[in-house]
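Work through the following exercises with the sequence and the model side by side, and try each task before reading its solution.

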Amino acid sequence: MIFRDKKILIGITGGIAAYKVCMLIRSIKKQGGQVKTILTRSGEQFVTRTTLEALTEEPVGRDIFQDGIPGTIQHIVLARWPDCFVIAPATANSIAKAAHGLADDLLSTVIVSSKGSILFAPAMHDEMWKNRVTQENVKKLVKLGHEIIPPEFGPLASDAAGMGRLAEPETIEKAIIGKLGLRHDLNNKKILNFVNDLQNLFL
């Protein structure tokens, strides 16, 4: 189990690609990892708290002032918790806020409170991704020591194709593995899963 004893915090913002994060969480959990999530208000339009809590077996972080452990400051506790912090999908708005140190909700407050570098997986429409301001914000995040999981070219929400599609869950998982310094052959994983699926057909 590649993620055994590893703690992954995932921030989910308001993009239609948020559904892919559910597959990522399931894969990490199956490989022994512990996952906690922070869901923005816009993110709630695309994936539900109930779904995330069922997948992670953890409460979802949603509000700066929600009930937590008595005597603790929730955003500080969350910022100190993970071995790896991922924002997926990362919208143009969340990228801009992170680049400029804005902290007006739980996720952005945790980002500002985090000492380590963060993995950002952008997802937005082609025009938004190519916008000069967005690109400058991305460069600023990299300059600050954060890492970007590049978006991919493909179908977007508008039925058009372009650059801005969220990286596939396997790609994000591979980036997390690299960030944690773990060794794992994803091609072997594909083969093993295929063999297991064939075996299950004959059980």
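Angles between axes are sorted into classes: those under 35 degrees count as roughly parallel, those over 145 as roughly antiparallel, those from 65 to 115 as roughly perpendicular, and the rest as oblique. The model is predicted, so that local features need pLDDT of at least 70 and side-chain atom pairs count only at pLDDT 80 or more, whereas totals for chains, interfaces and linings use all residues. Residues are numbered from 1 along each chain as its sequence is written, and side-chain values use heavy atoms, with hydrogens and water left out. Helices (H or I, at least four residues) and strands (E, at least two) are DSSP runs, numbered from the N terminus.

**Exercise 1. Describe how helix H1 packs against helix H8.**

Solution. Begin with the geometry, for which axes are lines fitted to C-alpha atoms, for helices over the stretch in contact, and angles run from 0 to 180 degrees between N-to-C directions. The axes of H1 (residues 19-30) and H8 (residues 169-180) come within 9 Å and cross at roughly 50°, and the two helices are therefore oblique to each other. Next comes the hand: a crossing is left-handed if the near helix is turned anticlockwise from the far one by less than a right angle, and right-handed if clockwise. H1 passes H8 in a right-handed crossing. The contact (heavy atoms within 4.5 Å) is made by Lys20, Met23, Leu24, Ser27 and Ile28 on the side of H1, and by Pro169, Ile172, Glu173 and Ile176 on the side of H8. For the last step, Ala, Val, Leu, Ile, Met, Phe, Trp, Tyr, Cys and Pro count as nonpolar, Asp, Glu, Lys and Arg as charged, and the others, Gly among them, as polar. By class, this contact of H1 with H8 has six nonpolar, one polar and two charged residues.

**Exercise 2. Which residue does lysine 20 meet in a salt bridge, and which parts of the chain does the pair link?**

Solution. A salt bridge is a side-chain nitrogen of Lys or Arg within 4 Å of a carboxyl oxygen of Asp or Glu. The side chain of lysine 20 meets that of glutamate 168, at 2.9 Å from N to O. Lysine 20 lies in helix H1 and glutamate 168 in the loop between strand E7 (161-165) and H8, so placed that the pair links distant parts of the chain, 148 residues apart. A search of the whole structure finds ten salt bridges.

**Exercise 3. Characterise the packing of H1 with helix H2.**

Solution. H1 and H2 (residues 49-56) pack at an angle of about 15°, with their axes 9 Å apart, and are therefore roughly parallel to each other. H1 passes H2 in a right-handed crossing. Cys22, Ile25 and Lys29 of H1 make the contact with Thr51, Leu52, Leu55 and Thr56 of H2, and the classes are four nonpolar, two polar and one charged.

**Exercise 4. Where is the cis peptide bond?**

Solution. The cis peptide bond joins alanine 88 and proline 89, with omega about -5°, and proline 89 has its place in strand E3.
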